[in-house]
Amino acid sequence: MASMEQQRDIQTFCRNERARSTVSSCSSLGMEIKRKKIRESAVFLQEQDTNIQEKIDFEVRMREGAYKLLVASTQRDQILSASKNLMTCHTRILGYMTEVQKKKEEHNMKRHSRRSSDKGPKDRIACQGKVAISGLRIPLMWKDSDHFNNRGSSRRVAVFCLMKIGTEVFDTEMVVVDRSMTDICFDNVTIFKRAGPEFELKLEIYSCAMEDEMSLVNTPKKLARKLGNSFSKASGRKLCPLQEGGDAESFFQSHPIAAGSKYNLLAQTTLSLAEAEGTFQSLSLFITQNEHAASWLPLYGNMCCRLIAQPECMTQDMMRGFLNQQQNIGGVLSWNRLYCVLRAGSISCYYTPEEIEAKLEAAIVIPVNKETRIRAVDKDPKKRSNSFTIINLIAGEAMTHVFVADCSEELQDWTEAFRQHLYDLSQWKHCCTELMKIEVTSPRRPPLFLTKQATSVYHDLSIDSPQKPESLTDIIHNKIEETGGRFLIGQEEEAEAPHWAA
């Protein structure tokens, strides 16, 4: 009987891919299949490198344009904005170059492992997701004499934040800070779309002292002309040989930035999945400047923000298709064909796919979490072939649901989807308990009192009309014209009595 009921636990069993192979690995056909896989992986890597190289070339052109604008600008706001854009483009270039190097190392490791051994299970990779940070607040700790008594230095400092996860780099707007402000606020929502559960969100705060006379404005014309001419196509390739593996940090050695327009790192921190709670929280900052620096600000050492993580397994369908569910009604077994969707830690069953588009409730919802046991049954005379069971403990009792796929290939697809989904849930942890919503703020609207010119109070009063609304002054004016002025003294003509009244 034990041989008749051989069950495989999907969470603890990993299928050996080579056990299902019908081709010998030492045969000529097997070697050809291996060579084909190697060629396909090499082509895929080349396409990825080409895509990243195009992004690098684009950011290089943007960086060159930002530096030209920095050299040519004379207005303080334009200089600081160009300097910020220059730093953002440069950070993206460094991120792309790091990604290229990482891909090459991974490819070399795969080639080495493929030559040394072709055994062992494949490493499973968790799904990606979105990470959003919003409501960024950085409190300041001014001295009482500076903030309340309007004493102390009157200097102003330009501040912006740089945030990055892998190759995704975003910056905030530039905020001018003086002693009248109690905190630095960034209201924008920044969304990273290609983050894994092991993500590290590096947040860096940069500052630049806003002096009355920027040193770059007084740069000699000869030096400015020399710097501007350094952006020809030929010299640009020499200064930034990215394809030949040049160092991107050498850019600022050949393209100096004046001290009055250069941003300096003020503070930084690193956020991970543990901080993605979906609520506003206070996090520590590592301050890198001292109070003697011109761009220094009295930071409190903490910041407040809201960090949200949305894994794809919570927002997208991991698997969908028709399955046959076993039902036991009065001791009689029957089969019900349902359209099933695996998503967000549960499998929802509908009678037709159209019910999903109509946003109807599912007929059956079965939880799929770390406590769920999913077993594929090889042989059982009481069950159809290609069947699997989903077992959940509810109130201490095992609740079992039996499903049957149409063929062995679909059964394999469903079992692999369950494995992957359970692995995604285990990696994203608490972010899969409940879907965190990303609230995108709408653009700011102008104040109400600035959208309309102030006029007489009578023009603000009107009587509603389905055809043409009229103000009170228009009604009085029309009434005077109709009565020839008698409306003002109350001598309106009496209406003629109807003939029937006689």
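**Rings, a helix and a cavity**

Tutor: One aromatic cluster is formed by Phe388, Phe403, Trp414 and Phe418. Before going on: this is a predicted model, in which local features need pLDDT of at least 70, side-chain atom pairs count only at pLDDT 80 or more, and totals for chains, interfaces and linings use all residues. Residues are numbered from 1 along each chain as its sequence is written, and side-chain values use heavy atoms, with hydrogens and water left out.

Student: What makes two rings a pair here?

Tutor: Rings of Phe, Tyr and Trp (its six-membered ring) pair if their centres lie within 6.5 Å; planes under 30 degrees apart count as stacked, over 60 as edge-to-face and the rest as tilted.

Student: And how many aromatic pairs does that give?

Tutor: The count by this rule is 8 aromatic pairs. Take Phe160 and Tyr206: the ring centres are 5.7 Å apart and the planes are at 20°, so this pair is stacked. Phe160 belongs to strand β3 (residues 156–165) and Tyr206 to strand β8 (residues 201–210), so the pair ties together parts that are 46 residues apart in sequence. Strands here are DSSP runs (E, at least two residues), as are helices (H or I, at least four), numbered from the N terminus.

Student: Phe160 and Tyr206, buried or exposed?

Tutor: Phe160 is buried, and so is Tyr206. Buried means under 20% relative accessible area, exposed over 50%, and partly exposed in between (1.4 Å probe, protein chains only).

Student: Which charge lies over the face of Phe160?

Tutor: Lys84, at 5.7 Å from the ring centre. A charge sits over a ring if NZ of Lys or CZ of Arg is within 6 Å of the ring centre and within 35 degrees of the ring normal. Arg63 does this too, with its charged end over the ring of Phe251, 3.8 Å from the centre.

Student: Switching to α9. What does it span?

Tutor: Helix α9 (residues 408–428) has 21 residues and reaches 30 Å from its first C-alpha to its last, close to the expected 30 Å. The expected span is 1.5 Å times one less than the number of residues.

Student: Which residues of α9 are buried?

Tutor: Among them are Trp414 and Phe418, which are also members of the aromatic cluster. Others include Leu411, Leu422 and Leu425, along with Arg419, His421 and Asp424.

Student: What comes just after α9?

Tutor: Lys429, with a positive phi of about 55° although it is not a glycine. Lys429 is placed in the loop between α9 and α10 (457–460), and is exposed, with a relative accessible area of 57%.

Student: What about Asn386?

Tutor: Asn386 also has a positive phi, near 60°, in a residue other than glycine. Its loop runs between β17 (373–377) and β18 (387–394), and at 18% relative accessibility Asn386 counts as buried.

Student: How far is Leu425 from Gly345?

Tutor: They are 7.4 Å apart in space, C-alpha to C-alpha, and 80 residues apart in sequence. Gly345 is in the loop between β14 (332–343) and β15 (346–350) and is buried, at 16% relative accessible area.

Student: Last topic. What lines the largest cavity?

Tutor: Ile133, Ser134, Gly135, Leu136, Met163, Thr172, Phe186, Asn188 and Thr190. The largest share, 4 residues, comes from strand β2 (residues 129–139).

Student: And the lining by class?

Tutor: There are 4 nonpolar, 5 polar and no charged residues. Ala, Val, Leu, Ile, Met, Phe, Trp, Tyr, Cys and Pro count as nonpolar, Asp, Glu, Lys and Arg as charged, and the others, Gly among them, as polar. A cavity is a set of points, on a 1 Å grid over the protein atoms alone, where a 1.4 Å probe fits but cannot get out; lining residues have an atom within 4 Å of a point.

Conventions
1 Å grid on protein atoms, 1.4 Å probe; cavity = no way out; pocket = protein on both sides within 12 Å on 5 of 7 lines; lining within 4 Å.
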